[in-house]
Amino acid sequence: MANPLKAWLVVPAFEEEATLARCLDAVDHAALPAGVEWGEWLVIDDASTDATSAIAKGWADGHRLRHLKVVTKEHRQGKWHSLEQARQRFLSFAGPDDVLVAIDADVAVDTGALVALLAPFVVEPALTAAWGISRPTGERRGRRASTFQMQLVHDLASELGPDVARAGGCLYALRPQRLPDFAWEDGDVVDDLQLSEDFGYHEELCRSVPEGWRG
């Protein structure tokens, strides 16, 4: 039997004391596809002034089997820097086919989202990345503009098909070893757009999956 593919989790967080535990609980309760197991979980607190770091450390103490590491920065550097820090750690310790899963700390994955997101990596060795797509629900609490944007993105992604590289920074997975020249950089272009632009340039194989996350 082949060795299982390992998924490494990174959760960039800034001032997320109200949502971080919900995010981690949702990932903890979500199933993984056959052939995939968890590697290290990494929460990077970007110099929050609230209890984000304490909540992450408390969650880790209560879930020791998850191997959650908490990194707390002294000065805020931005989400892009947290993702690049996670990528560098991944490149140092992960296997060549392992996958880095990035999720925003203020969202929660649906129960089947990680199966849909990660199963393509098991059957497609050449796959570089997969993006989750969120469909708005009644839980959006009346945030009509956000709901409208989410619906537009979902419909456009569905129309373009599963093979189009796109920006979707709330939930995605990638194989960093397949992008040896890529690195997140500071600037006006946000992290997910940097990644999708690099994909488009190198014509990397990617997927969009319908199951996603909740706000």
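Predicted model: local features only at pLDDT ≥ 70, side-chain atom pairs only at ≥ 80, totals over all residues.
Leaving out residues up to four places away in sequence, Thr19 touches Ala105 and Asp106. With Ala105 I found a polar approach: its backbone oxygen lies 3.0 Å from a polar atom of the Thr19 side chain. The side chains of Thr19 and Glu16 are joined by a polar contact of 2.8 Å.

Next I placed the residue. Thr19 sits in the loop between strand 1 (5–13) and helix 1 (20–29). Is Thr19 buried or exposed? Its relative accessible area is 18%, and the cut-off for buried is under 20%, so I noted Thr19 as buried.

I turned to the chain as a whole. I counted six helices and nine strands. Of the 215 residues, 50% are buried. The accessible surface comes to about 10700 Å², and carbon and sulfur atoms hold 53% of that. I also checked sequence separation. Among contacts between residues at least 6 apart, 80% join residues at least 24 apart.

Then the cores. The largest nonpolar core has 38 residues. Val11, Val101, Ile103, Leu117 and Leu118 have the most contacts inside it. Helix 4 (residues 113–123) gives the most to this core, with six residues. I logged a second, separate core of 20 residues, which includes Val10, Leu83, Ala94 and Leu195.

Last, I listed partners of Val101, setting aside neighbours within four places in sequence.

How values were computed: Residues numbered from 1 in each chain as written. Heavy atoms only, no water. Helix = DSSP H or I, 4+ residues; strand = E, 2+ residues; numbered from the N terminus. Buried < 20%, exposed > 50% of the residue type's maximum accessible area, 1.4 Å probe, protein only. Polar contact = N/O pair within 3.5 Å; in protein donor to acceptor, adjacent residues only side chain to side chain. Contact = heavy atoms within 4.5 Å. Areas by Shrake-Rupley, 256 points an atom, 1.4 Å probe, with all protein chains shown as cover. Core = buried A, V, L, I, M, F, W, Y, C linked by side-chain atoms within 4.5 Å.
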